[in-house]
Every structure is written in structure tokens, then in C-alpha cells.
Amino acid sequence: MNEATDSTVERPPEGSIIDTRYWHVLEDGRVQCDVCPRACKLRDGQRGLCFVRGAEAGRVKLFSYGRSSGFCVDPIEKKPLNHFLPGTSVLSFGTAGCNLACKFCFHPDTLIATTRGMKRIADLFEGCGEKISHDGGEVGFPASLKVWTRIASQALVAKVFAHPYCGELLSLKANCCPPVLLTPNHKVFAAHRSNLADIRPIEAANLSIDH
Ligand code: SF4
């Protein structure tokens with residue numbers, strides 16, 4: 001299963017780092033996280049594929065405790081509950097971190113606005129010191145790569161993905177930007193001209209000239 005990488009990310013506040021319960025020590029001294037089927041096997045200083053659990057002092061710790069990254073009111077039917085209060089709403093929240101490795105992609109020549117200038121995704125992937133094979137592709141773990149976000153703040157990049165792909169690519173051209181090639185299921189932040197304040201992730205195939 002998955003290995004992980006040395007973590008050089010900024011250390012979160014101490015209150016956000018807690019011991020976890022579901023892990024065990026392997027014969028070679030690594031610790032294995034038992035929370036999800038990735039079963040990450042970690043040495044001290046490494047993070048799991050989800051990037052929010054990792055090994056420290058011979059234990060698996062969670063590094064995102066109490067740090068919600070999103071709140072949303074959902075229909076209760078979206079949740080994994082069986083006939084619990086049907087027709088009602090539920091408040092959902094979660095932290096950063098994801099154990100999926102999704103297959104939507106940009107073309108490797110796509111330029112990314114990093115804090116070190118515009119860089120091709122392919123070059124960012126090649127610059128990753130450690131890579132793992134996963135599900136027919138590869139996941140690279142950059143050491144200290146930061147990018148500019150849509151709100152002009154800096155964000156640390158946890159992973160860079162490379163997937164073999166044979167299928168349709170769409171060319172997307174936003175005002176004042178060069179076109180980018182991406183898979184039809186790749187979401188991008190966009191607003192419809194009928195409500196420019198409503199910026200949301202939309203699959204590229206569902207965009208129109210009115211977005
Ligand atoms: S992806 Fe995260 S939760 Fe899943 S096994 Fe790895 S460290 Fe644990």
C-alpha cells in the first residue's frame with residue numbers, strides 16, 4: 001500500500017496535533033495507520049496520503065484537529081445515515097485532507113502560479129523528491145512548494161499528480177489568461193454572468209461563454 005513522504009510543512013499549532021487510536025507498529029519499526037484502506041506505513045516525520053495524519057515520536061498523530069476547512073448545510077440524505085430524520089437538513093463540516101487520488105487532470109504543460117514564478121505542472125512533478133506509484137499513476141510530494149490562490153494568498157502544495165490519460169481534453173480560455181487544456185470532469189472556479197458573486201467549482205464540460 002502507500003508509503004508517504006518526509007514532511008517539511010509548517011507545524012500547525014500544538015492544539016491541532018493529537019494522538020490517534022487506530023494504528024499499530026510494524027516489525028520494521030514503522031507505524032501503520034489503520035484509519036482507512038490506504039494503510040499508510042510511516043516513519044517519524046512522514047505524512048500519510050491524506051496529509052493530515054502522520055508519524056511523530058513513534059505514534060500516528062492527527063495534525064488538523066479542530067481546524068475545520070469548510071461548513072455546509074446539506075440534505076440529510078447526502079449523509080451515510082439510514083432513514084434518519086428524512087427530509088431534514090444537517091450541518092456538515094470537515095478538515096483539510098483527502099485520501100482519494102482523483103483522476104481529473106490538467107495537461108502537463110499547464111502553467112501554475114507558484115511563489116517562484118510560473119511553472120509547468122510537469123516540471124513541478126519532476127521536482128518532487130519523493131514519488132509513489134498509485135492506481136496507474138504517480139503521486140509526487142513537493143518539499144516546500146507554494147502557489148498563489150484565487151484570493152491572492154499563498155498555499156502549500158501537498159501533492160502533485162501524474163496520470164496517463166487517453167481521452168478528450170477541453171481548451172479553456174478565461175479573459176486575460178492563456179488557454180489551459182484539461183479533462184472535461186476537471187472542476188474550475190467560475191461564476192455565471194447572472195450572478196457574478198456566486199463563484200463555485202464547476203466541471204469544465206459544464207462551462208459556457210456566460211460563465
Ligand atoms: S490516508 Fe491518512 S487516514 Fe488513510 S491510512 Fe493513510 S494516514 Fe491513515
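Trainee: What share of the contacts with a separation of 6 or more comes from residues 24 or more positions apart?
Mentor: That's 44% in this chain. Keep in mind that we're looking at a predicted model.

Trainee: OK, and how many helices and strands does the chain have?
Mentor: There is 1 helix, along with 21 strands.

Trainee: What does the C-alpha trace span along its principal axes?
Mentor: About 55 × 50 × 35 Å. Of the chain's 211 residues, 18% count as buried.

Trainee: Which residues have the most contacts inside the largest nonpolar core?
Mentor: V31, C33, L42, V52 and V60, in a core of 14 residues. Two of the strands that each supply at least two of the core's residues are β4 (31–33) and β8 (59–62).

Trainee: Let's stay with V60. What does V60 touch, leaving out residues up to four places away in sequence?
Mentor: Its contacts are T20, W23, V31, C33, L42, R53 and A55.

Trainee: And what's in the second, separate core?
Mentor: That core has 5 residues, among them L124, F141, L145 and V160.

Trainee: Switching topic: which residues surround the ligand?
Mentor: The shell is made up of C33, V35, C36, R38, A39, C40, G48, L49, C50, R53 and N99. You've met C33 already, as one of the residues with the most contacts inside the largest core. R53 came up too, on the list of what V60 touches.

Trainee: How does that shell divide into nonpolar, polar and charged?
Mentor: There are 7 nonpolar residues, 2 polar ones and 2 charged ones.

Trainee: A39 is in that shell. What's its phi like?
Mentor: Positive, at about 50 degrees, even though A39 isn't a glycine. A39 sits in the loop between β4 and β5 (41–42).

Trainee: Why does A39 count as partly exposed?
Mentor: Because A39 has 14 C-beta neighbours inside 10 Å, and being buried takes 20 or more.

Trainee: Which loop holds F51?
Mentor: The one between β6 (46–47) and β7 (53–56). F51 also has a positive phi, about 70 degrees, and F51 isn't a glycine either.

Trainee: Is F51 buried or exposed?
Mentor: Buried, because 21 other C-beta atoms lie within 10 Å of F51 and the cut-off is 20 or more.

Technical notes. Residues are numbered from 1 along each chain as its sequence is written. This is a predicted model: local features need pLDDT of at least 70, side-chain atom pairs count only at pLDDT 80 or more; totals for chains, interfaces and linings use all residues. A nonpolar core is a set of buried Ala, Val, Leu, Ile, Met, Phe, Trp, Tyr and Cys residues joined through C-beta atoms within 7 Å. A residue is buried if 20 or more other C-beta atoms lie within 10 Å of its own, exposed if 12 or fewer, and partly exposed in between; C-beta atoms are placed from the backbone. Helices (H or I, at least four residues) and strands (E, at least two) are DSSP runs, numbered from the N terminus. Two residues are in contact if their C-beta atoms, placed from the backbone, lie within 7 Å. A residue is near a molecule or strand if its C-beta atom, placed from the backbone, lies within 6 Å of it. Ala, Val, Leu, Ile, Met, Phe, Trp, Tyr, Cys and Pro count as nonpolar, Asp, Glu, Lys and Arg as charged, and the others, Gly among them, as polar.
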